[in-house]
Amino acid sequence: MKRSYSKKAYPWDNACIESFHALIKREWLNRFRIKNYNHAYRLVFEYIETFYNTVRIHSHCGYQSPNEYERDYMRSLKDMETQAG
């Protein structure tokens with residue numbers, strides 16, 4: 001295994017996280033005047049835990065929110081149980 005680092009000012013090496021950073025800035029952080037590190041930390045935590053991982057739609061979930069996707073998945077498991085039992 002060989003360690004690999006991105007080149008300075010070369011965001012294409014890590015496009016996924018660069019895309020996420022742009023998204024969080026556009027959808028959330030630009031709304032606030034960030035006072036200090038703790039304020040920034042709370043804002044990022046709040047965005048991820050209360051919106052991004054629960055409510056915001058994701059393409060890998062069939063353009064559903066993670067909550068909707070999980071609800072539909074659990075419903076399909078119950079339906080399969082009912083049909084099998």
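Reply: A disulfide here is a pair of cysteine sulfur atoms within 2.5 Å. With that cut-off, searching the whole structure turns up zero disulfides. Before the reasons, a bit of housekeeping: this is a predicted model, where local features need pLDDT of at least 70 and side-chain atom pairs count only at pLDDT 80 or more, while totals for chains, interfaces and linings use all residues. Numbering runs from 1 along each chain as its sequence is written, and side-chain values use heavy atoms, with hydrogens and water left out.

Now the cysteines. Cys16 can't pair up because its sulfur sits 15 Å from the closest cysteine sulfur, the one in Cys61, which is too far for a bond. Looking from the other end, Cys61 has Cys16 as its closest partner, at that 15 Å. (Buried is under 20% relative accessible area, exposed over 50%, partly exposed in between, with a 1.4 Å probe and protein chains only.)

On to the surroundings, starting with the inside. The largest nonpolar core has eight residues: Phe20, Leu23, Ile24, Trp28, Leu29, Leu43, Tyr47 and Tyr52. Helix H1 (15–27) and helix H2 (37–52) are the elements that each give two or more residues to this core. A core of this kind is a set of buried Ala, Val, Leu, Ile, Met, Phe, Trp, Tyr and Cys residues joined through side-chain atoms within 4.5 Å; the helices are DSSP runs of H or I, at least four residues, numbered from the N terminus. Ile24 has contacts (heavy atoms within 4.5 Å) with Leu29, Val44 and Tyr47, once neighbours within four places in sequence are set aside.

Helix H2 also holds His39, which is buried at 14% relative accessibility. Skipping residues up to four places away in sequence, His39 touches Arg33 and Ile34.

Past H2, the loop between H2 and H3 carries Tyr63. Tyr63 isn't a glycine, yet its phi is positive, about 60°. The residue is exposed, with a relative accessible area of 59%.

Finally, Leu77 is located in helix H3 (residues 66–84) and counts as partly exposed, at 30% relative accessibility.
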